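Biologist: I'd like to learn how to read a protein model. Could you walk me through one?

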Amino acid sequence: MKVRKAIFPIAGLGTRFLPATKALPKEMLPVVDKPLIQYAVEEAYAAGIRQMIFVTGRTKRAVEDHFDTAYELETELQLQEKSDFLSLVQSIKPRDMECIYIRQSRALGLGHAILCAQNIIDEEPFAVLLADDLFMGPSPVLTQILEQFNHYQSSIVAVQTISQEDTFLYGIISGDVIDTRTTVVKHIVEKPAPDVAPSNTAVAGRYIFTPAIFEEIAKQSSGVNGEIQLTDAMFSLLSREKLYAYHFEGKRYDCGTKLGLLKATIDLAEQHPDIGPSLRRWLREKTTNNRSQLLFKQENKKKDCMIT
């Protein structure tokens, strides 16, 4: 079974980033010089996927525009002989990449969003990428789990080890360990309290499913937060096929939070060939100045204590 299609559920409102996301989709927030959604699409493309399926909402038109041809802009860049910028704009959507957009009419959860794409997926295995999660590593995370899917030919999810006190923020898995990175999932639960969580192994935002997941999603009633949870469908899937978890190699940034987005921006900016050297120099200077100011305050505090 070859994975040729990827689903990007992007219908969420992005309320954590208001007021920035009042008119701008969260997925279009920039990390250095690319929007979040482009990082996810490039990851899928690097893994050999060519059909990108976006499950959108009524405020996501900017995502469609981003991956569409901008005739006016390209014409202007040609006239000004800005070939580098023209190539950059045209590379956003390679010629062999197809983009499909489906409207999720009601925000009924991640499971429901994936179910919206069932008719397009048909009877093929497919990937799911959550644009909130941005990964950096020696190879794209989707490529890593795709290699495992090709071996096991069964659904698989990327996972990471987290602090026990943070289990209430994630889907948590437990199971039988095959090797240092791979586990056969025996239990999965959505956002459990730390004292009842089966482990501290959390689901990250990359999945590959067989089409059997659609039937399991369709069976689900409302779960956590009154939504149709993908995690519940994955637990149901365990009764009919194996589900694997793979500890990916690399670093995950939770760009669904302001702090995570800032961390990703700083780290990727430091690696950027154009602005990286200047940014690193500025950060060193800022750190030195902050340390000097702290030492100055400490010295003054000591003097005040001596006078007293």
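Biologist: What is the mean pLDDT of the protein chain?

Modeller: First the idea: pLDDT is the predictor's confidence in each residue, from 0 to 100. Where it is low, the predicted coordinates should not be read in detail. Here the chain's mean is 90, and 94% of its residues reach 70 or more. Among the elements, strand 6 has the highest mean (97) and helix 11 (residues 276–307) the lowest (76).

Biologist: How many helices and strands does the chain have?

Modeller: Both are DSSP runs numbered from the N terminus: helices are H or I with at least four residues, strands are E with at least two. This chain has 11 helices and 13 strands.

Biologist: And which residues have the most contacts inside the largest nonpolar core?

Modeller: Buried means under 20% relative accessible area, exposed over 50%, and partly exposed in between (1.4 Å probe, protein chains only). A nonpolar core is a set of buried Ala, Val, Leu, Ile, Met, Phe, Trp, Tyr and Cys residues joined through side-chain atoms within 4.5 Å. Contact means heavy atoms within 4.5 Å.

Modeller: Of the 308 residues here, 46% count as buried. The largest core has 35 residues, and F8, I37, M52, F54, F67, L142 and I208 have the most contacts inside it. Helix 7 (141–152) supplies at least two residues, as do several other elements, including strand 1 (5–9) and strand 11 (201–209). Take F54: leaving aside neighbours within four places in sequence, its contacts include F8, I37 and F67. There's also a second, separate core of 31 residues, with A113, I188, A212 and I213 among them.

Biologist: Why is helix 9 said to be largely enclosed by the rest of the structure?

Modeller: Because 6 of its 8 residues are buried. Those are L230, T231, A233, M234, S236 and L237. They pack against several elements, among them helix 5 (110–115), strand 9 (171–177) and helix 8.

Biologist: At what angle do the axes of helix 8 and helix 9 cross?

Modeller: Axes are lines fitted to C-alpha atoms, for helices over the stretch in contact, and angles run from 0 to 180 degrees between N-to-C directions. The axes of helix 8 (residues 212–219) and helix 9 (residues 230–237) cross at roughly 115° and come within 8 Å. Helix 8 brings A212, I213, E216 and I217 to the contact, and helix 9 brings L230, A233, M234, S236 and L237.

Biologist: Where does Q153 lie, and what is its phi?

Modeller: Q153 lies in the loop between helix 7 and strand 8. Its phi is near 55°, a positive value in a residue other than glycine. At 32% relative accessibility, Q153 is partly exposed.

Biologist: Which two residues does the cis peptide bond join?

Modeller: L18 and P19, with omega about 10°. P19 sits in the loop between strand 1 and strand 2 (30–31).

How values were computed. Residues numbered from 1 in each chain as written. Predicted model: local features only at pLDDT ≥ 70, side-chain atom pairs only at ≥ 80, totals over all residues. Heavy atoms only, no water.
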